[in-house]
Structure formats: structure tokens, C-alpha cells
Amino acid sequence: MRINPKKCVACGNCTYVCPMGAIYIDPVMKRATIDRDECVECYTCFNGLSQEHLPPTLVRTVRTVFAALRIRFEPEPDVCPTAAFEPDELVWPRVVRRAFSDPRVPHESTGVEGRGTEEVKTNDVTGRVGPGDVGFTIELGRPGIGVRFYEIQEMCRALAAAGVAFEVKNPITSLMSDVATGTIRDDILGEKVLSAIVEIKVPVARAEEIVHLVWDVEQRLDTVVSIGAGVRCDERGQDTVVAPILERLGYRLERAKTNMGLGRRGEAVPVPEREMVST
Ligand code: SF4
Ligand code: SF4
């Protein structure tokens, strides 16, 4: 993302919407500027602000005259008055920033928008997590801090060294040059994204070990890590196997997302004749 300095009138509206705090008013240029290294190409500035097309010279003149009269003239807070944002044509490797940071862009490897994986949310259809398994989603980064791929790699390498298998249909797995060691391809290691999810599955007996491993690696990372655990409920809709382990580790558990099991794995859904379309 770039801001055209010829158009920007330094109103400052965009500095509040950037989730990475990457936009600042340059005190020398007196224009809004984007820190390219911190920008994760989430497009929040471009899509989140209404773009008006007022002539920059007119807006600057009015603001200067009003300021001299000690009257504030500011555009509405959700507007870039001069449509100064100009998205770059993103090329590899920078394009991975947008794939992980703009929730409306689907990942090439999985076709899923956002962080690019359905995790356990569609388990009734995918069957990723079976009875006796725990599906862990290890999310690195958050708005405000983000994460670089070399930090994600550090987590992946530690998990691989512990003999953990990565979910195949996950964008981070697809970006590994060596899945057996959790090594991510060299050319993207310095790229920064808003957040990314590493996805694994282990037997319940290894749940505590994995949580400790994630805690240990987190100490070495300059970002935040969130752990999600997906499990099968029993016939009463309860989890009495993994929940006690997590509670013993200090987590206060809340039921977050419940898959109702309305999908059916491997069963073709017949299409009623009237809905069939001939081509
Ligand atoms: S909202 Fe537009 S005009 Fe205002 S500071 Fe940002 S880029 Fe410049
Ligand atoms: S694209 Fe996102 S991270 Fe980059 S400047 Fe705009 S809001 Fe900030």
C-alpha cells in the first residue's frame, strides 16, 4: 500500500485505522506515510475509509485559511478526503502479507479466506480430528503486533522435532520447503503478516506435552501466541477427556465453537431435479 504525497492533506484519519500502526504523519514531508516494513497489506486503510475525491490543493488551502482563523476544518473521521491511497501491484514474496492479513482474500493453497484454514470447524465433513485426538490451532500474531515467518518457523521446527504432523490443508504447511523439519521457504522468512495459524493433531496423551512446548517457544518469540484445542464431544455433548488436562494447566475453559454435526462426511447430497441446471 502507498499514499500519494501529492494527494495527501495530512488530516491523519488513516493513522487510526491501521491495525499495525504503520501509518504516521511524516514531520518533514507533512504527509501521511506508510512504514513499508510494518505494513502487512491488510487493505484496512484502503477499504475501511471512504474515498472522497476532493482536490488536494483546495482542501489544503481551506485548512490553512481556517487554521489562521483558529477554526478547525477536519474531514469526517471515516474518510480519506482526497483518495490518496494507491495499492501496489503485489508480487512474490510480498503478496503473502496480503494473503494472511486481508480477510477477504482466499489463500491459493486452500481457497479459504482469512487465515486460510477451516480448522476443526467443519470436522463433521472433514473428519480431521477423530475420537482420542486433539486438534491444536496455534495462532501466532494479532492486530497491533503481527508476526514474521521466521518466528512461525521457530514454532514449526520445534513441533516437527517433537514428531508432530502438520495439517496438509493449511497455508503454513503449503509454504514449507521441508515439512518433516517444519522449515519454511527462505524467500518469505522476513515477511510480516497480521497473524497465521499452524495446525496439528496429536493423540490426547500428548496434549499436555504440546501445550508446554508451545509455551517454551513463545518465550523466544516477539509476538503473542494463542492456542485453540478442538476435540470430539461424547454422546452427551461433553468433553471430559481434554478439558480436565487444560484446566489443570491453568486454562479457564469456555465452550467456544460447537460443530453441530449436521454435515455428513463422504455422503453425496442428492440435488433435487428442479434445482439442476443443464449446460
Ligand atoms: S486519510 Fe488520506 S488525506 Fe488524510 S492523512 Fe490519510 S492519506 Fe492523507
Ligand atoms: S494496508 Fe493495512 S497494514 Fe498497511 S498501511 Fe494500510 S491498514 Fe496499515
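Select strand β7 in this predicted model and display its side chains: Asp133, Gly135, Thr137 and Glu139 point one way from the strand, while Val134, Phe136, Ile138 and Leu140 point the other way. Every one of these residues is buried. Because eight of the eight residues of β7 are buried, the strand is largely enclosed by the rest of the structure.

Then move to β14, which runs antiparallel to β7 and is connected to it by six bridges. In this pairing, Glu139 lies opposite Ser226, and Leu140 lies opposite Val225.

Now select Ile138 together with Phe149, Leu159 and Ile172: within the largest nonpolar core, of 41 residues, these four touch the most other members. Elements giving two or more residues to this core include β7 (133-140), β13 (196-203), α3 (95-101) and α5 (149-161). The greatest contribution is that of α5, with seven residues.

Centre the view on Phe149. Beyond its neighbours within four places in sequence, Phe149 is in contact with Val96, Phe100, Ile172, Leu175, Ile184, Ile188, Leu189, Glu191 and Val193.

Finally, select Cys18, Ala22, Cys80 and Leu194, which are among the 21 residues of another core, lying apart from the largest one.

Methods
Residues are numbered from 1 along each chain as its sequence is written. Chains are lettered from A and ligands numbered from 1 in the order in which they are written. This is a predicted model: local features need pLDDT of at least 70, side-chain atom pairs count only at pLDDT 80 or more; totals for chains, interfaces and linings use all residues. Side-chain values use heavy atoms; hydrogens and water are left out. A nonpolar core is a set of buried Ala, Val, Leu, Ile, Met, Phe, Trp, Tyr and Cys residues joined through side-chain atoms within 4.5 Å. Buried means under 20% relative accessible area, exposed over 50%, partly exposed in between (1.4 Å probe, protein chains only). Helices (H or I, at least four residues) and strands (E, at least two) are DSSP runs, numbered from the N terminus. Contact means heavy atoms within 4.5 Å. Two strands pair if DSSP finds at least two bridges between them.
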